Amino acid sequence: MSTVKSSSLNVTDLDFEDISQNLKSYLKGQDSLKDYNFEGSTLSMLVDLLAYSSHIGAVNTNIAASELFLDSAQIRKNVVSRAKDLGFIPASESAATAICDITVNNVRNPDGTYPSANEMTIPAGTRFNTVYDGKSYTFVCYAGVTPQPNGKSFSYTNVQLKQGLNASDVFVYDRQEPNPKFVLSQARIDRQSMTVSVNSGGVSTAHALASDISNVLSTSKVYFTQENEDGFTELYFGDGSIGEELRDGDIITVQYTIVNTIHANGASKFSLLDTINGFSDAVITTTSPAAGGAEKESVESIKFKATKFYSSQNRLVTLNDYKAKVSEYYPNADAVAVWGGEDNDPPVYGKVFVAIKPLNSDYLSDVEKELVKNNLNKLNVITVRPEIVDPEIIKIMVTTIFQYNEKSTDLTSGELETMVKNTIVEYDRDNLNNFDSIFRHSNLLNRIDETDSSILSNISNIRLKLKKKVLLLGQNAGLTVDFGNPLYNPSSGYNASAGGVTNTTGFYISGDDTNIMYFDDDGTGKLRRFLLSGSTRIYQDNEAGSVDYGTGKISVNSLIITSTVNSDNTIDFTLIPNSNDVIAKRGSLIDISSDDIKVTSELDTVASGESSAGVGFIPASTSSY
């Protein structure tokens, strides 16, 4: 009988067909089977079964090995476990939070007396309602708020309203169970709003989340939290050496907010659903619209942030340290940019600037900025102070005219226009979602042409729009608007009679609350302020500021602006860039909004082969906006 040396065995092939063929080759090497025809035989079926079993084992082994490493793991519970080894706890869902001032009017008891401030306290869990994008959502008062009495009225300031519903779980601590962990009953909770209290011997004490292990003593009243294998939140307590250990029979109460599946970020109008001590005549003024609602951290986000978190070693020295910590403190961040004060324009030494773009809005609320700033200050170098700034979001306005052959498609012109608009939105999502992105005009043209086989060509022109907030309404102050890209100015005095390349939305100035003012430029670098009489521009100031066409910076001289046409106290500056390729400078984002896209279809008579083909055909201008 012949033998086969181990060196001649092929053990590296893991594909089913290869394994089966290797087994047959091995069997044919035996004297008893060297002339055996395996095709269609019963023995061939047995070989295939053995190959099938080997293939399954190889696949399972490969998957199991992949799940041991953070880079290759795919199952969420394994990714979370690997991240925990690096000290990184993935963010949970977070509830959209709004800040409101509330005044309850006509407060008087039936006997004519007035209730006390304690009686008029808004209890935690009091429900409010908002309608946003045509849908109704419930918000709750996150924590009890005591009012300030004023006769028949009671005023509440800085009331936090969180989207969702308040809930609580109660556990009893049992020392007989080793390393007890307490799993909350709800899957979608906001861990940032979670409060934990422990009743020991009739005395209830609040416990804080342990965020920095170096500050946790054996007597510290802290708890730890993590995501378990099923995606639920579980918490546990100290063992007497790191954190105070609980006693048998201690009652643990956990209160939290259940997060909705749809986040009402941007909601700003609220009404009272419940009553406050039986009274419901409430006036609610929103000081900070709802923001911060987000889903739990994705697997890809965990993989990316965990390594960055580990490399920062819980200190803030390099720019990457700041990026890692900002992502931890504000998991709803869509993009983060960080730069030192020495690189700022103008330089501001002793500061580090952080620009954050949230997932579902353009800017952070003042409350969110303060929260991130306070957290960064805990780890910051003592001589450096972080400054949270709004990103400059440069909107690209796209005007597209495309030609199509109607004989190559069953779609209507309207359907093609919708498809092209969706293509432009997809290009924005794929390419312009980070700081320092580049808009490449030719890439967009190619994407539009490839939208449908019937589209033959397109002319797509762009303009840039930047929304500038007037921070000092009613005060004598200037404005600086920096597009970071050169502006179109082919010759001195270009298009002066029609306003140059600058266009703005309207505003009112001190001393004239009737006429709406606008800015344009004279083509030589001077900004002009004018009002409209019909369609005629009547200039009020021919040197209202300056326009630097080479850098894209507009400077508005000191002016008392009392209000703007835009409801958010902003002025939109719209300009024509010198290049169709647009780059975002430090702290800036470029973005294409669906509202800024205009698409028009034109039937191409040349391609259609009509008898009038080419007669009177005028192609769209590449310079028209």
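## Thr409 and its surroundings

The side chain of Thr409 reaches the backbone nitrogen of Leu411 at 3.0 Å, a polar contact in the sense of a pair of N or O atoms within 3.5 Å, where within protein one must be able to donate a hydrogen and the other to accept it, and where residues adjacent in sequence count only if both atoms are side-chain atoms. This is a predicted model, in which local features need pLDDT of at least 70 and side-chain atom pairs count only at pLDDT 80 or more, while totals for chains, interfaces and linings use all residues. Residues are numbered from 1 along each chain as its sequence is written, and side-chain values use heavy atoms, with hydrogens and water left out.

Thr409 belongs to the loop between β18 (392-404) and α7 (413-431), helices (H or I, at least four residues) and strands (E, at least two) being DSSP runs numbered from the N terminus. With a relative accessibility of 14%, Thr409 counts as buried; buried means under 20% relative accessible area, exposed over 50%, and partly exposed in between (1.4 Å probe, protein chains only). Leaving aside residues up to four places away in sequence, Thr409 touches Leu416, Asp452 and Ser454, contact meaning heavy atoms within 4.5 Å.

In helix α8 (residues 441-449), the residues His441, Leu444 and Ile448 are buried. Seen down the axis of α8, these buried residues fall within an arc of 60°, so they line one face of the helix; the arc is that of the directions from the helix axis to the C-beta atoms. The elements that cover them include β18, α7, β19 (438-439) and β20 (455-469).

The backbone nitrogen of His441 lies 2.8 Å from a polar atom of the Asp581 side chain. Asp581 is located in the loop between β28 (570-575) and β29 (582-583) and is partly exposed, with a relative accessible area of 38%. Beyond residues up to four places away in sequence, Asp581 touches Phe439, Arg440, His441 and Asn485.

## Asp482 in strand β21

Asp482 is placed in strand β21 (residues 476-482) and, at 14% relative accessibility, counts as buried. Its side chain reaches the backbone nitrogen of Gly484 at 3.0 Å, and the side chain of Asp482 also makes a polar contact with that of Lys585, at 2.4 Å. When residues up to four places away in sequence are not counted, Asp482 touches Leu466, Thr551, Gly552, Lys553 and Lys585.

## Positive phi angles

Most residues other than glycine have a negative phi. Asp133, which is not a glycine, has a positive phi of about 55°; it lies in the loop between β2 (127-132) and β3 (135-141) and is exposed, with a relative accessible area of 68%. Asn158, in strand β5 (residues 153-163), has a positive phi near 50° and is exposed, with a relative accessible area of 56%.

## The cavity

The structure holds one cavity of 30 Å³ or more, a cavity being a set of points on a 1 Å grid over the protein atoms alone where a 1.4 Å probe fits but cannot get out, with lining residues having an atom within 4 Å of a point. About 30 Å³ of space lies in the largest cavity, where grid points are joined across faces, edges and corners and the volume is the space filled by probe spheres set on the points. Its lining residues include Ser92, Glu93, Arg191 and Lys296.

Key:
On a 1 Å grid over the protein atoms alone, a cavity is a set of points where a 1.4 Å probe fits but cannot get out, and a pocket is an open set with protein on both sides within 12 Å along at least five of seven lines; lining residues have an atom within 4 Å of a point.
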